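Hi,

Here is the structure I promised to pass on. Have it open while you read, and my notes follow below.

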Amino acid sequence: MLLGEYSKSGIFHYFYPGQTSKVTPAPVINMKNKTKTAALLCLCMIFLGTVYSCKKAKGTDKELFDMATETGGFTWYKNSDILLDKSSGSGHPQPFLRTRYNAIAATQLDADGKVIPGSLFPEGSLVVKELINNSSAVDRYAILYKNASSHDADANGWVWGYINADGIVAEPASNQGAACISCHLQDEHIDYMLMNKYFP
Ligand code: HEC
(Lines give C-alpha, C1' and ligand atoms only; values in the text may rest on other atoms or scores of the structure.)
Protein backbone atom coordinates (compact mmCIF):
# COMPACT_ATOMS: atom_id res chain seq x y z
CA MET A 1 0.00 0.00 0.00
CA LEU A 2 1.20 3.53 -0.80
CA LEU A 3 0.88 6.07 2.01
CA GLY A 4 2.15 9.52 2.63
CA GLU A 5 1.59 12.87 4.30
CA TYR A 6 1.17 16.52 3.35
CA SER A 7 4.11 18.80 4.01
CA LYS A 8 3.55 22.36 5.29
CA SER A 9 3.66 23.73 1.76
CA GLY A 10 0.71 21.50 0.81
CA ILE A 11 2.72 19.03 -1.24
CA PHE A 12 1.85 15.36 -0.79
CA HIS A 13 4.88 13.18 -0.09
CA TYR A 14 4.50 9.49 -0.81
CA PHE A 15 5.95 6.82 1.45
CA TYR A 16 6.67 3.57 -0.31
CA PRO A 17 5.96 0.30 1.50
CA GLY A 18 8.32 -0.14 4.39
CA GLN A 19 9.55 3.43 4.08
CA THR A 20 9.11 5.83 6.99
CA SER A 21 11.08 8.85 5.76
CA LYS A 22 9.91 11.26 3.05
CA VAL A 23 10.84 10.77 -0.58
CA THR A 24 11.15 13.41 -3.29
CA PRO A 25 7.67 14.37 -4.41
CA ALA A 26 6.72 13.66 -8.01
CA PRO A 27 6.11 17.01 -9.74
CA VAL A 28 2.68 15.91 -10.94
CA ILE A 29 1.36 15.97 -7.36
CA ASN A 30 1.97 19.73 -7.06
CA MET A 31 -1.49 20.54 -8.39
CA LYS A 32 -2.38 23.29 -5.95
CA ASN A 33 -0.01 25.82 -7.50
CA LYS A 34 -0.99 24.84 -11.02
CA THR A 35 -4.66 25.37 -10.25
CA LYS A 36 -3.88 28.74 -8.70
CA THR A 37 -1.87 29.83 -11.74
CA ALA A 38 -4.62 28.72 -14.12
CA ALA A 39 -7.27 30.56 -12.09
CA LEU A 40 -5.15 33.72 -12.04
CA LEU A 41 -4.62 33.53 -15.81
CA CYS A 42 -8.36 33.14 -16.34
CA LEU A 43 -9.09 36.17 -14.16
CA CYS A 44 -6.48 38.24 -16.00
CA MET A 45 -8.01 37.34 -19.37
CA ILE A 46 -11.53 38.17 -18.21
CA PHE A 47 -10.29 41.50 -16.82
CA LEU A 48 -8.40 42.44 -20.01
CA GLY A 49 -11.38 41.37 -22.13
CA THR A 50 -13.70 43.60 -20.13
CA VAL A 51 -11.39 46.61 -20.37
CA TYR A 52 -11.06 46.10 -24.15
CA SER A 53 -14.80 45.72 -24.79
CA CYS A 54 -15.53 48.81 -22.66
CA LYS A 55 -13.33 50.94 -24.90
CA LYS A 56 -14.69 49.52 -28.16
CA ALA A 57 -17.10 52.03 -29.74
CA LYS A 58 -20.78 51.53 -28.88
CA GLY A 59 -23.86 53.78 -28.76
CA THR A 60 -23.17 57.24 -30.20
CA ASP A 61 -19.48 56.44 -30.69
CA LYS A 62 -20.37 53.39 -32.78
CA GLU A 63 -22.77 55.48 -34.91
CA LEU A 64 -20.08 58.13 -35.46
CA PHE A 65 -17.50 55.45 -36.26
CA ASP A 66 -19.78 53.74 -38.79
CA MET A 67 -20.58 57.06 -40.50
CA ALA A 68 -16.93 58.10 -40.59
CA THR A 69 -15.64 54.83 -42.02
CA GLU A 70 -18.32 54.77 -44.75
CA THR A 71 -16.37 56.99 -47.15
CA GLY A 72 -18.77 57.31 -50.11
CA GLY A 73 -20.43 60.66 -50.90
CA PHE A 74 -17.92 62.94 -49.17
CA THR A 75 -16.23 66.07 -50.54
CA TRP A 76 -12.61 66.71 -49.56
CA TYR A 77 -11.45 70.05 -48.23
CA LYS A 78 -10.22 72.08 -51.21
CA ASN A 79 -11.54 69.20 -53.36
CA SER A 80 -8.32 67.25 -52.74
CA ASP A 81 -7.57 64.01 -50.91
CA ILE A 82 -3.79 64.59 -50.71
CA LEU A 83 -2.25 64.06 -47.28
CA LEU A 84 -1.57 67.40 -45.60
CA ASP A 85 1.26 67.86 -43.09
CA LYS A 86 -0.28 68.45 -39.67
CA SER A 87 -0.41 72.13 -38.79
CA SER A 88 1.19 73.99 -35.91
CA GLY A 89 -2.22 74.00 -34.21
CA SER A 90 -3.29 70.39 -34.92
CA GLY A 91 -2.86 69.17 -31.35
CA HIS A 92 -2.34 65.50 -32.27
CA PRO A 93 0.83 63.43 -32.83
CA GLN A 94 -0.05 61.91 -36.24
CA PRO A 95 2.08 63.56 -38.98
CA PHE A 96 -0.61 63.87 -41.69
CA LEU A 97 -4.29 64.71 -42.00
CA ARG A 98 -7.07 65.34 -44.46
CA THR A 99 -10.67 66.43 -43.96
CA ARG A 100 -13.91 65.50 -45.71
CA TYR A 101 -17.54 66.67 -45.57
CA ASN A 102 -20.71 64.63 -46.15
CA ALA A 103 -23.25 65.93 -48.71
CA ILE A 104 -25.09 68.06 -46.11
CA ALA A 105 -21.89 69.61 -44.71
CA ALA A 106 -20.57 70.16 -48.24
CA THR A 107 -23.39 72.69 -48.80
CA GLN A 108 -21.22 75.02 -46.68
CA LEU A 109 -18.21 74.73 -49.00
CA ASP A 110 -17.46 77.13 -51.84
CA ALA A 111 -16.41 76.05 -55.34
CA ASP A 112 -12.79 75.69 -54.14
CA GLY A 113 -13.87 73.31 -51.37
CA LYS A 114 -13.23 75.79 -48.55
CA VAL A 115 -15.75 76.55 -45.80
CA ILE A 116 -17.79 79.68 -46.60
CA PRO A 117 -17.06 82.36 -43.95
CA GLY A 118 -19.97 82.80 -41.53
CA SER A 119 -21.39 79.32 -42.22
CA LEU A 120 -23.64 77.63 -39.70
CA PHE A 121 -23.68 73.94 -40.60
CA PRO A 122 -27.17 72.39 -40.94
CA GLU A 123 -28.44 69.35 -39.00
CA GLY A 124 -26.95 66.12 -40.34
CA SER A 125 -23.62 67.72 -41.27
CA LEU A 126 -20.71 65.32 -40.78
CA VAL A 127 -17.09 66.49 -40.91
CA VAL A 128 -14.33 63.91 -40.60
CA LYS A 129 -10.65 64.67 -40.12
CA GLU A 130 -8.50 61.62 -40.78
CA LEU A 131 -5.36 61.56 -38.64
CA ILE A 132 -2.83 59.65 -40.70
CA ASN A 133 0.34 57.86 -39.59
CA ASN A 134 3.74 57.47 -41.25
CA SER A 135 2.53 54.49 -43.30
CA SER A 136 -0.20 56.64 -44.91
CA ALA A 137 -2.88 54.69 -43.01
CA VAL A 138 -5.68 56.29 -41.00
CA ASP A 139 -4.79 56.05 -37.34
CA ARG A 140 -7.74 57.91 -35.82
CA TYR A 141 -10.90 59.75 -36.87
CA ALA A 142 -11.73 63.17 -35.44
CA ILE A 143 -15.44 63.69 -36.05
CA LEU A 144 -17.92 66.55 -35.83
CA TYR A 145 -21.58 65.65 -36.36
CA LYS A 146 -24.40 68.23 -36.16
CA ASN A 147 -27.22 66.43 -34.37
CA ALA A 148 -28.85 68.74 -31.83
CA SER A 149 -31.31 66.07 -30.67
CA SER A 150 -28.52 63.72 -29.53
CA HIS A 151 -28.05 63.52 -25.78
CA ASP A 152 -24.32 63.75 -26.50
CA ALA A 153 -24.63 67.07 -28.40
CA ASP A 154 -22.95 70.18 -26.99
CA ALA A 155 -24.72 73.54 -26.60
CA ASN A 156 -24.24 74.25 -30.32
CA GLY A 157 -25.75 70.96 -31.45
CA TRP A 158 -22.42 69.34 -32.36
CA VAL A 159 -21.47 65.80 -31.33
CA TRP A 160 -17.71 65.23 -30.97
CA GLY A 161 -16.08 61.91 -31.83
CA TYR A 162 -12.46 60.77 -31.48
CA ILE A 163 -12.11 57.10 -32.42
CA ASN A 164 -9.15 54.98 -33.51
CA ALA A 165 -9.21 53.15 -36.84
CA ASP A 166 -9.66 49.82 -34.98
CA GLY A 167 -12.84 51.12 -33.33
CA ILE A 168 -11.34 51.84 -29.90
CA VAL A 169 -12.72 55.09 -28.48
CA ALA A 170 -10.05 57.69 -27.72
CA GLU A 171 -12.46 60.31 -26.36
CA PRO A 172 -16.12 59.36 -25.83
CA ALA A 173 -18.88 61.45 -27.42
CA SER A 174 -20.55 61.54 -23.99
CA ASN A 175 -17.80 63.99 -22.92
CA GLN A 176 -19.50 66.48 -25.29
CA GLY A 177 -16.25 67.82 -26.70
CA ALA A 178 -14.73 68.69 -23.32
CA ALA A 179 -11.25 67.91 -24.70
CA CYS A 180 -11.86 69.70 -27.99
CA ILE A 181 -14.04 72.80 -27.67
CA SER A 182 -11.67 75.35 -26.15
CA CYS A 183 -9.18 74.86 -28.97
CA HIS A 184 -11.92 74.86 -31.61
CA LEU A 185 -13.31 78.18 -30.34
CA GLN A 186 -10.09 80.04 -31.17
CA ASP A 187 -10.12 83.21 -33.34
CA GLU A 188 -11.26 82.69 -36.93
CA HIS A 189 -13.14 79.43 -36.33
CA ILE A 190 -16.30 79.03 -38.43
CA ASP A 191 -18.90 77.08 -36.43
CA TYR A 192 -15.84 75.38 -34.80
CA MET A 193 -14.17 74.66 -38.16
CA LEU A 194 -10.44 75.37 -38.30
CA MET A 195 -9.34 74.05 -41.71
CA ASN A 196 -9.71 77.48 -43.36
CA LYS A 197 -7.47 79.07 -40.75
CA TYR A 198 -4.65 76.50 -40.90
CA PHE A 199 -4.90 75.58 -44.59
CA PRO A 200 -5.96 78.86 -46.24
C1 HEC B 1 -5.02 72.01 -29.61
C2 HEC B 1 -6.09 72.33 -30.49
C3 HEC B 1 -7.09 71.27 -30.89
C4 HEC B 1 -7.74 70.36 -30.09
C5 HEC B 1 -7.59 70.14 -28.59
C6 HEC B 1 -8.62 69.63 -30.97
N7 HEC B 1 -8.51 70.07 -32.25
FE8 HEC B 1 -9.60 69.47 -33.85
N9 HEC B 1 -8.53 70.67 -35.07
C10 HEC B 1 -7.56 71.55 -34.66
C11 HEC B 1 -6.99 72.21 -35.81
C12 HEC B 1 -5.89 73.26 -35.80
C13 HEC B 1 -7.68 71.73 -36.93
C14 HEC B 1 -7.45 72.10 -38.40
C15 HEC B 1 -6.67 70.97 -39.04
C16 HEC B 1 -5.31 70.80 -38.41
O17 HEC B 1 -4.50 71.74 -38.50
O18 HEC B 1 -5.10 69.76 -37.82
C19 HEC B 1 -8.67 70.80 -36.42
C20 HEC B 1 -9.58 70.13 -37.21
C21 HEC B 1 -10.55 69.31 -36.75
C22 HEC B 1 -11.61 68.76 -37.56
C23 HEC B 1 -11.86 69.05 -39.03
C24 HEC B 1 -12.83 70.21 -39.15
C25 HEC B 1 -12.23 71.61 -38.97
O26 HEC B 1 -12.10 72.35 -39.95
O27 HEC B 1 -11.95 71.98 -37.81
C28 HEC B 1 -12.34 67.96 -36.74
C29 HEC B 1 -13.58 67.17 -37.14
C30 HEC B 1 -11.74 68.01 -35.42
N31 HEC B 1 -10.67 68.86 -35.46
C32 HEC B 1 -12.21 67.31 -34.33
C33 HEC B 1 -11.63 67.40 -33.06
C34 HEC B 1 -12.07 66.61 -31.92
C35 HEC B 1 -13.18 65.59 -31.95
C36 HEC B 1 -11.29 66.98 -30.86
C37 HEC B 1 -11.33 66.49 -29.43
C38 HEC B 1 -11.27 65.08 -29.21
C39 HEC B 1 -10.37 68.00 -31.34
N40 HEC B 1 -10.61 68.23 -32.67
C41 HEC B 1 -9.46 68.62 -30.55
C42 HEC B 1 -7.15 71.77 -33.38
C43 HEC B 1 -7.58 71.07 -32.26
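Before the details, one term: two strands count as paired if DSSP finds at least two bridges between them. With that in mind, A142 has Y162 in β8 as its bridge partner. Do keep in mind that this is a predicted model.

First, the overall layout. The protein chain has four helices and nine strands, and in sequence order they read β-β-α-α-β-β-β-β-β-β-β-α-α. The chain has 200 residues, and 25% of them are buried. If you take the contacts with a separation of 6 or more, 47% are between residues 24 or more positions apart.

Now to the part I looked at in detail, β8. Strand β8 covers residues 158–164. Why do I call it largely enclosed by the rest of the structure? Six of its seven residues are buried, and to be buried a residue needs 20 or more other C-beta atoms within 10 Å of its own.

β8 has these pairings. Strand β7 (residues 138–146) runs antiparallel to β8, and seven bridges join the two. The A142 and Y162 pair mentioned above belongs here, with Y162 on the β8 side. β8 also pairs with strand β9 (residues 169–171), again in the antiparallel sense, through two bridges. There, I163 has V169 in β9 as its bridge partner. β8 and β9 make a hairpin, with four residues between them. Have a look at G167 in that turn, as its phi is positive, at about 90 degrees.

Next, V128, which sits in strand β6 (residues 126–132). Is V128 buried or exposed? It is buried, because 23 other C-beta atoms lie within 10 Å and the cut-off is 20 or more. Setting aside neighbours within four places in sequence, V128 contacts A68, T99, R100, Y141 and I143. V128 and Y162 are 34 residues apart in sequence, and their C-alpha atoms are 9.8 Å apart in space.

Last, the ligand. It has 24 residues around it, of which S87, S90, G91, C180 and C183 come nearest. The elements that each give two or more residues to that shell are β5 (96–101), β6, β7, β8, α3 (181–184) and α4 (195–198). Sorted by class, the shell has 14 nonpolar, seven polar and three charged residues.

Cheers

Notes:
Residues numbered from 1 in each chain as written. Predicted model: local features only at pLDDT ≥ 70, side-chain atom pairs only at ≥ 80, totals over all residues. Buried ≥ 20, exposed ≤ 12 C-beta atoms within 10 Å, placed from the backbone. Contact = placed C-beta atoms within 7 Å. Near = placed C-beta within 6 Å. Nonpolar A, V, L, I, M, F, W, Y, C, P; charged D, E, K, R; others polar.
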